[in-house]
Amino acid sequence: MLAAILRSGASVMFGCRGGGCGTCKMRLASGQIAHGRCSAAVLPEEEKQCGWFLSCQARALSNLTIELSAANKYRVLRSWHTTITDRAR
Amino acid sequence: MPYRISRLGLVEIRSLDLDRDLDYYLNVLGLQLTAREGKTAYLKGWDERHAYSFALTESDRAGMVRMAFRTVDPEDLDYYEKRLKDFGVKYDSIPEDYRRGRALRFMAPSGHTVELYNEMDYTGNALPPVNPGPWPEGLKGIAPPRLDHTLVTAPDPGKAIEFFQTVLEFRLSEMLVAPDGTTIAAWLWQRPAPHDLAIVPGKPGGFHHAAFVVDSADALFRAADILTMHKARIDYGPGRHGITRGTTLYFFDPSGNRLETFGGYTAYQMDGDTRAIRWTQDQIGPAVFYYSQELNETFLSVYT
């Protein structure tokens, strides 16, 4: 799904592209997905139940509506002492 | 003060899919497989003389399981055991591990499992022990000769850095300092190279990367070629660090753990009384990525 989002021209945050870091976490508003292999440390089962998914691993099984949070779009991380905008929970 | 740790001896990392990731580690990164035992694979660079330096264990998450440092002499293990007791650090004495002798295992204030050991099976490198050539033929992938260092995250870096300095007698080669004088991050050494371990701010037990040696600029660019030919995700580089002066290429394994090929060939030599280099916080950009002079979005926030 991340590849499709990037192909569409949208600019979203992502990290390792391996399901390990959780940077590309998004929330599904409607539709069906397959999660793929994701680290339980960054995507616990409870979050999956609430619609969260890692876009770098997930595959669409139907037409989807996705909610992007501020964390998906923009973060300022230029120093370890700079305030870090919260990631999607 | 004599140094008692010869190098970072082992990093163990979690894999979300061992079959898939082992293929990457053997054919793209190009490590040598020592053995696969159940859910763990034991690996090494072609020029390493002991049984393994890198372990990959299947898990439901990515990140670091443990890091282990090899002492110079067997007696150094007793020396450190006494220091752990003197400083009131709780530790376990592990009688043996796969092809390895006794180890001391404890939790550092950074939240990482750390081990000290001396004995591991001496298997030799991939060259004949008599009249060897300079490198073995038939290597696959990047094929780094050996493990170099690891960088980990800590919620209170100052406390973690002090632990490694005080209890384990690591020295500082370089440090990043806030305007109020607080140490934000540090690069620590025992082996006479710029670092065996580095600690930066972040979550407890976080794994930022493990680095393997490459020994020339050609090897660094070839590594980037190989990763790209295999569509692996490169995070940054080829480039150069201000800190350590090493050349660098950061990339991710298929489970999202960050790895580095580190060109220590451009770095400086340490001497016993070499004093730490200070970087001010406003220069964090060139300190980390010398040529681009600013950090990318992923370097500080993306780790496992």
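B:E169 and B:R4 are both buried, where buried means under 20% relative accessible area, exposed over 50% and partly exposed in between (1.4 Å probe, protein chains only). This is a predicted model: local features need pLDDT of at least 70, side-chain atom pairs count only at pLDDT 80 or more, and totals for chains, interfaces and linings use all residues. Residues are numbered from 1 along each chain as its sequence is written, chains are lettered from A and ligands numbered from 1 in the order in which they are written, and side-chain values use heavy atoms, with hydrogens and water left out.

Side chains of opposite charge can pair when their charged atoms come close. A salt bridge here is a side-chain nitrogen of Lys or Arg within 4 Å of a carboxyl oxygen of Asp or Glu. By this rule there are 21 salt bridges over all chains.

One of them joins B:R4 to B:D76. B:R4 lies in the segment before β1 (5-15) of chain B and B:D76 in helix α2 (residues 74-86) of chain B, so the pair ties together parts that are 72 residues apart in sequence. Helices (H or I, at least four residues) and strands (E, at least two) are DSSP runs, numbered from the N terminus. B:D76 is buried, as is B:R4.

B:R4 also forms a salt bridge with B:E169. B:E169 sits in the loop between α3 (157-166) and β10 (171-177) of chain B, and B:R4 in the segment before β1, so this pair ties together parts that are 165 residues apart in sequence.

B:E169 has another partner, B:R83. B:R83 belongs to helix α2 of chain B and B:E169 to the loop between α3 and β10, so the pair ties together parts 86 residues apart in sequence. B:R83 counts as buried because its relative accessibility is 18%. B:E169 counts as buried at 10%. Elsewhere, salt bridges that share partners join B:E12, B:R66, B:D97, B:R100, B:R105 and B:E115 into one network.

| Salt bridge | N to O distance |
|---|---|
| B:R4 and B:D76 | 3.2 Å |
| B:R4 and B:E169 | 4.0 Å |
| B:R83 and B:E169 | 3.3 Å |
| B:D17 and A:R37 | 2.9 Å |

Strand β8 (residues 113-117) of chain B is mostly covered, with four of its five residues buried. Two strands pair if DSSP finds at least two bridges between them. Strand β5 (residues 63-71) of chain B pairs with β8(B) in the parallel sense, over four bridges. There, B:M67 has B:V114 as its bridge partner. Strand β7 (residues 103-107) of chain B runs antiparallel to β8(B), joined by five bridges. B:M107 is bridged to B:T113. β7(B) and β8(B) form a hairpin with five residues between them, and B:G111 in the turn has a positive phi of about 90 degrees.

**Where chain B touches chain A**

Contact means heavy atoms within 4.5 Å. In contact are 29 residues of chain B and 22 residues of chain A. The area buried between the two chains is about 2200 Å², and carbon and sulfur atoms give 58% of that. Buried area is the accessible area (1.4 Å probe) that two parts lose on being put together, summed over both. In chain B, B:R233, B:E297 and B:L300 lose the most area to chain A, together 26% of what that side buries.

The count between chain B and chain A is one salt bridge. The side chains of B:D17 and A:R37 meet in a salt bridge.
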